[in-house]
Amino acid sequence: MSDLLLVNARLVTLGGHEGPRHGTDMSALGVIERGWATIDGTRISAVGEGDPPEDAQADATLDCEGRAVLPAWVDCHSHACWAGSRIDEWAHMLAGTAYLDILAAGGGIMATVRAVRKAPVEVLSRNLLERIGRHRLMATGTLEVKSGYGLTTESELKMLRAIHDTSLMTDLLITGTFLGAHAIDPDDDNFVDRVITETLPAVASEFPGIPCDVYLETGAWSLADTRRYLEAAVDLSCPVRLHADQFNSLGGVPLAVELGARSVDHLEATTPEDAQRLGASSTIGVLLPVSGFHVDQRWADGRQLIDAGAAVAVATNDNPGSAPSPSMGMALGLSCRRNGLSPAEAICAATWNAACVLGLEDEVGAIAPGMRANLQILDTNDERVVCWEVAPPPPPVLLMNGAPARFEVGGPE
C-alpha cells in the first residue's frame, strides 16, 4: 500500500538517460502522455504508462486530469547565504555605474563580506532559512548555496556551518559549495596564498569532498591563481567549479575542461572556440540569465553552446548584488528569451542537468523510482507554460519529499 497514487498525469519524467544531457538530447524530456506514479514516504516507488495496475493501491489517489507533472526545480547556483543590504549599490547601477567599477571601489562583493563577517552564525542561518522559504514557494526542491562572503578562514567556515545547520531545518535538499576564492580581499596582501594553503585545507578537513568554486574575472582571481586553487582542491578530492566569462574571456573554459570541472558558470563572454571546447567535454555550462537582466543586459549564448553539443544548466544565481531573485521561473523565462533555449531545453537545464552539476542525479531532477518525490503539478497539460509565463506563480500543487506543500487540485489536504 503506497501513500499516494497519481493518475491521469502527463509525466515529464526526464528519465532514461545516464549523466547530463548534451546538445539535442536536452530536448528529449521522457514524456509519458498519460501515466501514473506511486509515492511511498519521501520517494517515488513506481512510474508507468496508462492506467495503474490493480495492485497499485494507495492511501490517497490524486487524479491529475491530464495536467503536466514535472520534477521540482534544481537550483544549482546560488549565493543565498548573506547579511546586509546592497540596495544603495543598485541605485548607483541604475545611475550608470558599472558593476566592476563598484567592485574596484570596495563595494560589490566586499560590501557583503563586511556584513557577513560581523554577523553571528545564527543570523546567517536565519537569513538563509527565510530565503529558502522563497525558493520553496517558487517550486525549487533542491538549492545549492555557496560561501564566499567571508574570505577569512574563520568567516568561510562560519558560512558553511550556517548552510549545513540550515539544511537540517527545511524539507529542501540543500547542498553547500566552498567559494573562498571569490573577491580578492584588498586588506590581505597574502590573500591568495592564504586561501590556498590555509582556508581550503581547513574547509576540506571539516567538510570532506565539498565542491570548490572560484570567481575568475578581472579584478578578482587571475587565471594562474585560479589554476593553483583548483589543482589544490582536486588534490584534496574536492569536485571543482568555476565562475568564468562573466565580463571577460580569460581562459576559464579551457581550464575547466582540462581539470574535468563539474561546471563552468556565467559564460556571457564565451568565445565560439571555447563553446566548441565545452561541447566536446563532460563539463556542464551553467547559464545565469537573471544577472544579465539585473546588471547589464549581457546574455550567454546558450544556443551556441547546445548546438556545439554542450550540456547546459540554468540557475537563479540568487545573490544581493547581481541577481536578487529566488525565481527559477524567471530564470527559465529569460533563458528562452535571451539565452536562446527552447522550453524543452530549459526544463532539462533546470532539472536533470542541474542535478548532474550537483552530483545528485540519483536523488533529484527526474521522475523515476527511487527519486525524491519532489514534484510540481501544473494547472495545464502543457509544460511549456513554465517558460512562457514571465516569472510565473507557484504551481497549484507542490510535493516536497512526498508531502503536499500546496495542495489545491484535490485529494489529501
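## First stop: a loop residue

Select Thr283, which lies in the loop between helix H9 (272-279) and strand E12 (284-287); helices (H or I, at least four residues) and strands (E, at least two) are DSSP runs, numbered from the N terminus. The model is a predicted one, in which local features need pLDDT of at least 70 and side-chain atom pairs count only at pLDDT 80 or more, while totals for chains, interfaces and linings use all residues. Residues are numbered from 1 along each chain as its sequence is written, and side-chain values use heavy atoms, with hydrogens and water left out.

Is Thr283 buried or exposed? Thr283 is buried, with a relative accessible area of 0%; buried means under 20% relative accessible area, exposed over 50%, and partly exposed in between (1.4 Å probe, protein chains only). Display its contacts next, contact meaning heavy atoms within 4.5 Å. Leaving aside neighbours within four places in sequence, the contacts of Thr283 include Ala256, Val257, Gly260, Ser263, Leu278 and Ala311. For a distance check, pick the C-alpha atoms of Thr283 and Leu334: they are 22 Å apart in space, and the two residues are 51 apart in sequence.

## Second stop: the sheet E10 to E13

Select strands E10, E11, E12 and E13, which form an open sheet in that order with parallel pairing; two strands pair if DSSP finds at least two bridges between them. Strand E10 (241-244) and strand E13 (311-314) are the edge strands, each with a single partner strand, so one side of each has no neighbour in the sheet. Direction ignored, neighbouring strands here are turned by 25° against each other on average; axes are lines fitted to C-alpha atoms, for helices over the stretch in contact, and angles run from 0 to 180 degrees between N-to-C directions.

Four bridges pair E10 with strand E11 (residues 263-266) in the parallel sense. Highlight Arg241 to find one partner in E11, namely Ser263.

Move to Asn353, placed in helix H14 (residues 352-357). Asn353 is buried, with a relative accessible area of 0%. Beyond neighbours within four places in sequence, Asn353 is in contact with residues including Pro20, Arg21, Met26, Ile284 and Cys348.

Which loop holds Pro20? Pro20 is found in the loop between strand E1 (2-12) and strand E2 (31-40). Pro20 is buried, with a relative accessible area of 19%. Not counting residues up to four places away in sequence, Pro20 touches Ile284, Ala311, Trp352, Asn353 and Cys356. Pro20 and Ala313 are 293 residues apart in sequence, and their C-alpha atoms are 9.3 Å apart in space.

Begin with E6 and E7, which pair in the parallel sense over three bridges; the partner of Asp75 in E7 is Leu143. Strand E7 (residues 140-146) is largely enclosed by the rest of the structure, because seven of its seven residues are buried. Five bridges then link E7 to E8 in parallel, and Val145 stands opposite Gly176 in E8. Two bridges join strand E8 (residues 173-181) to E9, where Cys212 is the bridge partner of Phe178.

Of its 133 residues, Trp221, Tyr229 and Leu332 touch the most other members. Helix H6 (residues 191-206) contributes the most to this core, with seven residues.Finally, display the four cavities of 30 Å³ or more; on a 1 Å grid over the protein atoms alone, a cavity is a set of points where a 1.4 Å probe fits but cannot get out, and lining residues have an atom within 4 Å of a point. Grid points are joined across faces, edges and corners, and a volume is the space filled by probe spheres set on the points. The largest cavity holds about 110 Å³ of space. Of the 14 residues lining the largest cavity, His79, Tyr99, Ile109, His182 and Ser322 lie nearest its centre.

Conventions: Core = buried A, V, L, I, M, F, W, Y, C linked by side-chain atoms within 4.5 Å. 1 Å grid on protein atoms, 1.4 Å probe; cavity = no way out; pocket = protein on both sides within 12 Å on 5 of 7 lines; lining within 4 Å.
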